[in-house]
Amino acid sequence: TISGTGTITNWAAGANKYVYTISNAGGCSVSDTVTVTVDELPTVASVASATISTCSSPQILNGNTLTIGTGRWEIVSGPGNILAGQENNPVGDLENLVDGIPTVVKWVASNGTCINRSEASVTVNKLGDLTAAEIFIDGVEIFENDTAVVCKDAFTIVGSTPNTGANESGSWTIGTPANLVLNDNTLSSPNTTSSSTGVTSLEWSISSSVGGCPASVSNIYLDIIDIPVTNPLVGTALAQLCENEDSTFTTTSAQYANEYEWIVGSMTQSSTTETMTYTFSSTGSTNVSVAAKNKCGTGTPVSTSITVNAIPTVTTSPLEKCEDGVQIDLNTRVTAGAASVTFYTDAQVNTELPSSLVTNQGTYGVRATENGCSSDVAPIVITINTKPVTPSAGYDIACLGDQFNLKVNNSVSGLSYDWVNGSGTAIGSGTN
């Protein structure tokens, strides 16, 4: 009880009702009632962390839940705004953030008419894109979904370096088949401890522990190859080699090979295919070898010994004779040593003759063959002349001791005639 004016302490939260009464000595009194409402102090404002790093916009804030009073987010500095309707939400959304520019907001706690307020600030850092994931094989960048051809156990892998200051980290993922083993899948430059041949995928992913940051990923393919194994030479050329003719050598395709190195005697020749053509200018024995190659190295050569044979020589002599109905053996007009010969109807090799015997005149052909090597076709010229008409002799009448002329009554221009006496002794010649 107080008189007139005074101070009331130890207010109780909520409605406090007070009655003020005035009375006199005569026992008369009047009174009035006043109600004083006392608001509680608000809960102390706080945030879970004074700094938020994020890749997201909007970003969820981190104020505490107030048991007494009301909280409100306010922008202190920087870009962005509180999502409409979320101002009093302790985990409301902050939107329109800008990469690289921090935004400072505060969580303010209040209650009713109390002038006592508390607040806590938080700095929101909007991060930019993560470090781009890139893959380098043997120092060359391999782009997304491209294939790098590498040599087994002899290649280097390097990924772009994560920004650890921005909470980034990297990780390698090997596809199927897993023909590649790395010493540490989190290193940007791991060592390859083993590998086997074949195609597999390889992924380098850079991620962040910061919320909302999508990983940056690069995926490529590795075609792991080895030094090729050279296969033996094949084909009929090995058995039939002739000087001054093209000889083609063939090896079956070697896995992973993209080049073949051929060695013939002292000559070295490279080819991108499994065949090689060479012209031997001399006869005799020599070696032919081939080695399959690729970027990884040269395979062990495969060698074989071959013999180069000479082209046989064939010479012919013409024949001119009178018709007599006797067949001509073309073998008598040919010299070919030990080579076998084949006769043709002409020198253009149109038709092979069934035998060496011919009756008609003409230009025949002959080819010599020895050790699988054949000569060019040589011509054999056969000329058969028609027999002349039997002459009818005549003479001039003369006296004993005088000269007289012998003559052919049916002489033919272009023919010559030989005269003999009764005993067969030649006595002269002439055209008539």
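A residue is called buried when its relative accessible area is under 20%, exposed when that area is over 50%, and partly exposed in between (1.4 Å probe, protein chains only). By this criterion, both Cys151 and Cys296 are buried.

The model is predicted: local features need pLDDT of at least 70, side-chain atom pairs count only at pLDDT 80 or more, and totals for chains, interfaces and linings use all residues. Residues are numbered from 1 along each chain as its sequence is written, and side-chain values use heavy atoms, with hydrogens and water left out.

Three disulfides are present in the structure. A disulfide is taken as a pair of cysteine sulfur atoms within 2.5 Å. With the bonded cysteines of the protein chain numbered in sequence order, the pairing reads 1-3, 2-5, 4-6. Positions are given by secondary structure elements, which are DSSP runs numbered from the N terminus: helices (H or I) of at least four residues and strands (E) of at least two.

Distant parts of the chain are joined here, 158 residues apart. Cys55 sits in the loop between strand S3 (51–54) and strand S4 (59–60). Cys213 sits in the loop between strand S17 (198–208) and strand S18 (216–225). The torsion about the S-S bond of Cys55 and Cys213 is about 80 degrees, so this disulfide is right-handed. Cys55 is buried because its relative accessibility is 15%. Cys213 has 12% relative accessibility and is therefore buried.

Cys151 and Cys296 form another disulfide, at 2.1 Å from S to S. Cys151 belongs to strand S12 (residues 147–151), while Cys296 lies in the loop between strand S25 (284–294) and strand S26 (297–298), so the bond ties together parts that are 145 residues apart in sequence. The link of Cys151 and Cys296 is left-handed, with -100 degrees about the S-S bond.

A disulfide also joins Cys242 to Cys373, where the S to S distance is 2.0 Å. Cys242 lies in strand S20 (residues 241–242) and Cys373 in strand S35 (residues 373–374), so parts 131 residues apart in sequence are tied together. The link of Cys242 and Cys373 is left-handed, with -100 degrees about the S-S bond. Cys242 counts as buried because its relative accessibility is 3%. For Cys373 the value is 0%, so this residue is buried.

Two further cysteines were examined for accessibility. Cys114 has a relative accessible area of 12% and is therefore buried. Cys322, at 45% relative accessibility, counts as partly exposed.
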